Amino acid sequence: MRASDADRDRVADILREALAEGRLTAEEHGERIAAVYQARTVGELEPLVHDLPAGGRPHGPVAAARPYDASVRPVPAPAENLVAVFGAAERKGRWRVPARTNAFAMFGGVEIDLTEAVFEQREIVINASAVFGGVEIKVPENVSVRSTGTGIFGGFDVRTHEAPDPDAPVVVITGFAVFGGVEAKARRGKRLKNLRPGQ
């Protein structure tokens, strides 16, 4: 069965908790996270958590059963994954921002530049993970920026602010940095011309 973004996120959460509890080293965590965001099927995700307490539950993080009302729920748009392992990945220029972007850097760097991007929805989420690497996010100065990330022996430096226009897009940055850094800031002079997503 094909893995969904929700399946990948649940496995990433289990791995993040295992790292915090000392069950995984930073290197093991980084290798498994990279495999999570490259996995295409549920079968590829299950071995990544089989030796962890949360991964062995009968209704574990990648349970194949769908909720009874899943057929009436809108199908979430696929997330964009930017992975840099001993290298670099970037997304900049004029591009359509998906509702969710996963950025993972291990001994490498990811750059996400939203200053010329096209926002098709009001809120986007960037899940940034840096292990001995860095993720840099540049946003226009007239959008709202919120953060729920954390740094563990690393920096999670997100300059949050609320745009004056209540209808402006919102960029939510989540994730973690372990011996690495995540940085997000507004670029002065760079503004979205159309603050109404989808128009």
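Here are some notes on this predicted model, point by point.

1. Ground rules. Local features are taken at pLDDT of at least 70 and side-chain atom pairs at pLDDT 80 or more, while totals for chains, interfaces and linings use all residues. Residue numbers start from 1 along each chain as its sequence is written, and side-chain values use heavy atoms, leaving out hydrogens and water.

2. Overall make-up. The protein has 3 helices and 13 strands (DSSP runs numbered from the N terminus: helices are H or I with at least four residues, strands E with at least two). Of its 199 residues, 46% are buried; buried means under 20% relative accessible area, exposed over 50%, and partly exposed in between, with a 1.4 Å probe and protein chains only. The accessible surface comes to about 10,500 Å², and carbon and sulfur atoms own 50% of that (Shrake-Rupley method, 1.4 Å probe; for residues, only the protein chains shown count as cover). Take the contacts between residues at least 6 apart in sequence: 67% of them join residues at least 24 apart. Contact here means heavy atoms within 4.5 Å.

3. Which face of H3 is buried? In helix H3 (residues 42-49), the buried residues are Val 42, Leu 45, Leu 48 and Val 49. Looking down the H3 axis, they fall within an arc of 115 degrees, so they line one face of the helix; the arc is that of the directions from the helix axis to the C-beta atoms. As background, an α-helix has 3.6 residues a turn, so residues three or four places apart point the same way. The buried residues of H3 pack against helix H1 (5-21) and helix H2 (26-38).

4. H2 against H3. The two axes come within 9 Å and cross at roughly 165 degrees. Axes are lines fitted to C-alpha atoms, for helices over the stretch in contact, and angles run from 0 to 180 degrees between N-to-C directions. H2 and H3 are therefore roughly antiparallel (over 145 degrees; under 35 is roughly parallel, 65 to 115 roughly perpendicular, the rest oblique). On the residue level, Arg 32, Ala 35, Val 36 and Gln 38 of H2 meet Glu 44, Leu 45 and Leu 48 of H3.

5. H1 against H3. Here the packing angle is about 10 degrees, with the axes 10 Å apart. That makes H1 roughly parallel to H3. Asp 7, Arg 8, Val 11, Ile 14 and Leu 15 of H1 make the contact with Val 42, Leu 45, Leu 48 and Val 49 of H3.

6. Two phi values to look at. Most residues other than glycine have a negative phi. Phe 153, not a glycine, has a positive phi of about 55 degrees. Phe 153 sits in the loop between strand S10 (150-152) and strand S11 (155-158), and is exposed at 68% relative accessibility. Phe 179 also has a positive phi, near 50 degrees. Phe 179 is in the loop between strand S12 (170-178) and strand S13 (181-187), and is partly exposed at 42%.

7. Val 145, in strand S9 (residues 144-147), is buried with a relative accessible area of 2%. Leaving aside neighbours within four places in sequence, Val 145 contacts Val 139, Val 158, Arg 159, Thr 160, His 161, Val 171 and Ile 173. Arg 188, in the segment after S13, is exposed at 81% relative accessibility. Arg 188 and Pro 140 are 48 residues apart in sequence but 7.6 Å apart in space, C-alpha to C-alpha.
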